[in-house]
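Q: Hi! I have a structure open and would like to go through parts of it with you. Could you take a look?

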Amino acid sequence: MSEDLESRFEAAVRSESRIEPRDWMPDGYRKTLIRQIAQHAHSEIIGMQPEGNWISRAPSLRRKAVLLAKVQDEAGHGLYLYSAAETLGAERGDLTEKLIAGRQKYSSIFNYPTLTFADVGVIGWLVDGAAICNQVPLCRTSYGPYARAMIRVCKEESFHQRQGYELLATMMSGTPAQREMVQDAVNRWWWPALMMFGPPDSESSNTERSMAWRIKRNTNDELRQKFVDMSVPQAERLGVTFPDPELRWNPERGHHDFGTPDWDEFWRVVQGDGPCNAQRVAHRRAAHEDGAWVREAATAHAAKRARRAGREAVA
């Protein structure tokens, strides 16, 4: 019986059919999805912090409104993704506990500080640009709830990327100090942005299985190359340069060659030794603890309404 179920599952994946919550699926498929979706959801929630730090210091009311809207969008993305994880049997509260206890990861990019307002623009342009490269293929991932959540997420991330680029273009047409600020931010965020795609394919233990199950559609290195090729002409139009002496067009490959990120730094940050790891998790833990009374009140109210509905049904 189990062999028949597995055969039907594999056939559905090969035929590009969507796997839905009530469908049979291998335990490994379920666990892989929970791990990936949870990491994605955590990244959206933790990712609110670096830019949220600048809401009260935005240089104009317009910039503040834009930034508020963006941070709110990221919160919504996290909620969509936690909901998708719940369809696999995961408990949202359990996922949060694992995050604040350091037992589940989030994207390494959010462990770097935002030193100037130019960082807000570079995060929108490069970090959200890298996220788009990662996430657009997920709109075709084999698990239905995840794929459907990603359609809206990608539309909003695309808007965020354009907002970031517009902010940087405005600053690049400003004073020399503003242009220097942008270039400094680009220098600091370029390599962490390349690391967002994960380790090289030769060091990635999950990619092969995820691609076989159509959870992922491209390897880490393929996505990283696409991001570089996309970013270089945009940088030229902005008037900034990337801090990579090996970056150049290769006509034979039809792609840009580029240097190797510092993978030792990547693994240090992933393991908790980045510039802001402790700060980010501590802030998330404090928010979770401070909001306990809200969750308790909402649960009590829902229980009260359920009891009332039950009495009315009996009556």
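The chat below goes through a pair of helices and then a few loop residues.

Q: Hey, what kind of model is this, and how are residues numbered?
A: It is a predicted model, where local features need pLDDT of at least 70, side-chain atom pairs count only at pLDDT 80 or more, and totals for chains, interfaces and linings use all residues. Residues are numbered from 1 along each chain as its sequence is written, and side-chain values use heavy atoms, with hydrogens and water left out.

Q: What are the values for helix 4 and helix 6?
A: Helix 4 (residues 61-86) and helix 6 (residues 118-135) pack at about 40°, and their axes are 12 Å apart. Helices here are DSSP runs of H or I with at least four residues, numbered from the N terminus. Axes are lines fitted to C-alpha atoms over the stretch in contact, with angles from 0 to 180 degrees between N-to-C directions.

Q: What do we call helix 4 and helix 6 at that angle?
A: They are oblique to each other. Under 35 degrees counts as roughly parallel, over 145 as roughly antiparallel, 65 to 115 as roughly perpendicular, and the rest as oblique.

Q: Which residues meet there?
A: From helix 4, Leu67, Lys70 and Glu74 meet Val120, Ile123, Gly124 and Asp128 of helix 6. Contact means heavy atoms within 4.5 Å.

Q: New topic: where is Lys216?
A: Lys216 sits in the loop between helix 9 (207-212) and helix 10 (220-238).

Q: Is Lys216 buried or exposed?
A: Lys216 is buried, because its relative accessible area is 17%. The cut-offs are under 20% for buried, over 50% for exposed and partly exposed in between, using a 1.4 Å probe and protein chains only.

Q: What does Lys216 touch?
A: Leaving out residues up to four places away in sequence, Lys216 touches Gln36, Thr207, Ser210 and Met211. The side chain of Lys216 also makes a polar contact with the side chain of Asn220, at 2.6 Å. A polar contact is a pair of N or O atoms within 3.5 Å; within protein, one must be able to donate a hydrogen and the other to accept it, and residues adjacent in sequence count only if both atoms are side-chain atoms.

Q: And what is the phi of Arg214?
A: Arg214 has a positive phi of about 60°, although it is not a glycine. Arg214 is also in the loop between helix 9 and helix 10, and it counts as partly exposed at 22% relative accessibility.

Notes: Helices (H or I, at least four residues) and strands (E, at least two) are DSSP runs, numbered from the N terminus.
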